[in-house]
Structures are given as structure tokens and as C-alpha cells.
Amino acid sequence: MRSSAHAAPREGHLTVTSPADGRTLGEVPITPLPEVAAAAERAARAFADWRRTPLETRLGRLRRLRRALIQHRHEIAELVALEQGKPLTEALLLELIPALDTLSYLIHHAPRLAESPAAPPHNPFFQGRRAHYRFKPYGPWAVITPWNYPFAIPFVQLISLAITGNVALLKPSPYTPLTAQKIAQLFQEAGFPPNWVQLIQGGAAQAEALITHPEVRGVLFTGSSATGRKVMALAAQGPKKVLLELGGKDAAIVLDDVNLELSARGIAWAATMNAGQTCAAIERVYVQERIYPGFTERLQAELEALRVGHPLAPGVDVGPLIAPFQVEKVARLVEAARAQGGQVRTGGRRLEALGPHYYAPTLVANPPAETPFMCEEAFGPVVGVVPVRDEVEAVRAVNASPYGLTASLWTQSSRRAQALAPQLDVGVVTVNHHADTYAEAAGAWGGVKGSGFGRTHGPFGLLELVQLQYISEAYPRAPALWWYPYTERLHRVIDATLILVGEPGLSRKLLAAVRLFPHLGYLARRLPLHRVLPALLRYAR
Ligand code: NAD
């Protein structure tokens, strides 16, 4: 990594500047569009080999990757801290722990998850067949990722693609190309084939070229909802499989039975970790009226205690925002809330003494529901707190958002939590914690509504990355009952079977059985009756 003062951007290159202190960290060539197409062709060839690579070999690569990750953890954390801005401890916690937990999960569970489950036939006529499901990889995937978790997001997605037999073309955010380079190096070090993951550096043009390339069979997109809509429109031309992990405007509901101190502490963390630049950061808090004053005071105290500063400095809790546009956006939303009657209890200002990218942790009390501060994704260390009469009002407020990533309930009552969770239109509900289940490899991560669709993590995340194939085998000695010719007798047999299987009334069922009886010999010549009859009797119940 090169480190110097500001450098003039070079044509065809991304210049990486640290949001922490403005130093230039390096320069990365932008992938020319013809090279994007060539990479997709190489990926298709790499896929032809990788799909045939035994699971045990793939697991061996993951084990080596795990060793490499542990070995390089400090340099990865430092690079992320400098390139993206999260404090070092947070880089270890939020970038490396999810990566390692998912690696371990896949190493231990992939063999069982990759098994081809049997699918015993249900249709009475199909008894005697043998059927099973197979999970087949799609092929090359475009993995298009944001800057806010430049290591964990692509890494978790890549290892999930690797174990399911897919290959990847990684197009990271133009703000964090160096962390992506580090990821590609780790895969190389772990012995993955050279074109298993190829890096495509650049922005929208490179991403679009990937999505529309015919060899790319799947698109795993993580980013803003606005870009997600474009991605889906482009993928529709394939059509090709697309997963959209998009933005959020997460809410917390604080009920009147909480431990005030614990909940204020947890909410302060989930609102400001990674300087609030988390898709699942808490940006809205709905608090039951009775405890609203006490809770707001405690949350304010928690936010005021946070130490904002350079991500490499010891003891820093909150680092800088990624870029000036992000600071502008946060400031604009806070000013709008203030102008519309929200009370800025703490923060609400840039911390210019630290540098142009720093913004103070901010609490806006009682902002109106329609202010952009409570509707748009802020992506900064800011939170709005609003009193609500009861659970009904709280749920209505949470669900009013066009987003639906995650939401949390803060209460000591499991009964209240369980009654409320299903009413929330979000992909993940957490109780007395928030956002941290991204680090739970066995979970399911993803949203609903404007936050996208599809899941990563756990068995359901892996299922998204494979095409289900159903294989049904029959080895008959006679033509199947329904093969031509369509005789009068066949018609009567099918009609009687329909009634036997579908009619609820016992007398009609018995009648149908009587009608079927004379044809048993005929049926026996065409079907394995010793299997078909028990199935028919089962249905007849
Ligand atoms: P972004 O949408 O601007 O960019 C994301 C990626 O898309 C980048 O690699 C970018 O280069 C690429 N891109 C840009 N234009 C494109 C186009 N026309 N077609 C295809 N790709 C294009 O998002 P960002 O600012 O990098 O990231 C922040 C956003 O990501 C926030 O909204 C955040 O909530 C969301 N996010 C969601 C999750 C999740 O799990 N749901 C996780 C992290 C971040």
C-alpha cells in the first residue's frame, strides 16, 4: 500500500483516498469494458472446471482460506480502517468475525447441505418411481458490492458461491478497491484456481457490462435501492437470477418494560457503529410515552459519551464518513428535521477540527413523521426518537417505511415480542439487539419491500445460489397407464381414481372403489399395484 499526501487522479484509474485523513492510499486501474467481457468468458471456462471439483477439494480451499484470514487479520483490519474508516476494533468485529463464522459454518455444514435429498413421489400413479433433488450451480455470478463493509460483504458472498460450485466476478465499490484486491489475494493464497474470482474495478459501466454479459448467470447485488432497481431491469433482459440486498431505514420499538440503561446502550451502538453507515443501522426509534423522557435522556448521554476520531487511534468508537457527499446528505437531513420542528438534543454538526468527513453522533427528538430525516436512508451517526402511545401505533410507524430490512423490539417480555414480531414488515426481527445477526452464519439476511429480496447466510442463503433440479427415475416393464391410446376404460379408471383421491364423502369414495374394482387386473398390467394401492388407500382417508 502506498501512502502519501494528495495525488492528482490519473486517467483510467481510481485514486483511493482515506476518509480518515485524506491521504492517498493507492491507485487502481479501472477495468476496460472489453476486458470485462474477456473476464466473463474466462469465468465461464473456470466454471466448467470448478463445478466438477469435488466438494472435499472445495472444502480444503476454504480451510486454507480460513488460515490465511487469521494470518492476515491485522493487515486486513488496518486496510479497511484506512480505506473505509471504521475503527480497528470494529473492523475486526464487523468485517472479520462474520467472514470467519461463515467460513467455519460452511466447512462444518456444507457437506450435509450439499446432499441430494430424496423426494418420494406423492401422486398414487407415480408410486414405484425414485426421485431426488439436486442442487446445481448457476455458473459465473456478478458480485457487485458497496463500500460500507468492503471486506465482509464480498467475502461472505464469495465463499458461499465457492462452496455451491459457482464462480465469481467481483465488482467492488470504487471507494474501496484495495480491500477487494486483498480479498482476491487471499483466494489466490488459498489455492483457488486463478480465474475462480476475477476483480473488475470501476463503477456503473463495469457493473452494467457484467450484468448484461451472456456468460454471467447470476447477479448478487448489494447497494442502494435506487441502483438495485436498475440492476433488476438489466437482469430482466437475460432473464437471469438476481438477489438484491438493498438499503434500509431500520427502526427500533422500545416498550415500557425495558431496562432503560441496557436498551439505550444497545440502541446507541446499533445507530452509530460504522458511523451509522450500515444498511441495518437504527435510524428511527419509537418509544412508549411513559418512558420516553427517561429513555431519550439516556440515549443522549450514550451518544455524547462516544469518542469520535481517526480509526487507527486507540479508544475511538466512531470514525469518519466515507466521503463529502455522505456528510452533505446527513447534514441536509438533520437540518430539514430541525426546520420542521425536531429538537436536536445532541450533535447536529460537522466535526471540522477532525477533518471534513466527521459528523457528531446526533439525536433528534420528536421529528415529524414526514420529514426526510425519518423517511430517507441517512447512513450517518444520527437517530430520530419519537414517542408512541402503544404497540399498535409503533408497528404502524415502523411499517410505514418503504424499506423493510430489519427491525428490533426492546422489551423484557417474550410474550410481547412474539406477538409483535410477525406484524413487522421486515426480513429480520431482533429482540434486545439489532443488526448484529449479519455475523450469524446460520441466520438469514435480507429484506422485503424497498430493501430488496433474496437471502444470504445459512441454508436459505445457499439455496439462493443453486438451481434446483428434480430427477425422477422409472424403469417400467410395461407402458405407463396414461400413454396412448386413450381408451374408454382408461377414462373410467382415471375418473374413479379422481373421486377416490379427492372426494371427501365416504359413500362416494366407496362407490368409486367399487367402480375401480373390475379394472384391477388392467391396472396391475400397467402399474406396480402393490405400491399404487396403499397410496390410493392413504389418499382415500
Ligand atoms: P450504490 O448503489 O451506490 O453502489 C453499490 C454498487 O453498485 C457499487 O459497486 C457501484 O459501483 C455499483 N453500481 C453503481 N451504479 C450501478 C449501476 N447502474 N448498475 C449496477 N451497479 C452499479 O451503493 P453504495 O453507496 O456503494 O452502498 C450503500 C448502500 O448499500 C446503502 O443503501 C446500504 O443500505 C446498502 N447496503 C445494503 C446491504 C444489505 O445487506 N441489504 C448491505 C450493505 C449496504
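Predicted model: local features only at pLDDT ≥ 70, side-chain atom pairs only at ≥ 80, totals over all residues.
Figure 1. A polar contact is a pair of N or O atoms within 3.5 Å. For W147, a side-chain N or O atom is 3.0 Å from a ligand oxygen, and a polar backbone atom of G223 is 3.4 Å from an oxygen atom of the ligand. On its own the ligand has 850 Å² of accessible area, of which the protein covers 89% (Shrake-Rupley method, 1.4 Å probe).

**Figure 2. The shell around the ligand.** The ligand is surrounded by 31 residues, the closest being K171, S224, T227, L246 and E377 (a heavy atom within 4 Å). By class, 16 are nonpolar, ten polar and five charged; Gly counts as polar.

Figure 3. Helix 7 (204–212), strand 7 (218–222) and helix 8 (225–236) each give two or more residues to the shell (DSSP runs, at least four residues for helices and at least two for strands). Helix 7 provides the largest share, four residues. The ligand lies between domain 1 (33–246 + 461–469) and domain 2 (250–440), because both give residues to the shell; the bounds come from an automatic or database domain assignment.

**Notes.** Residues are numbered from 1 along each chain as its sequence is written, and side-chain values use heavy atoms, without hydrogens and water. Local features need pLDDT of at least 70 and side-chain atom pairs count only at pLDDT 80 or more, whereas totals for chains, interfaces and linings use all residues.

Notes
Polar contact = N/O pair within 3.5 Å; in protein donor to acceptor, adjacent residues only side chain to side chain.
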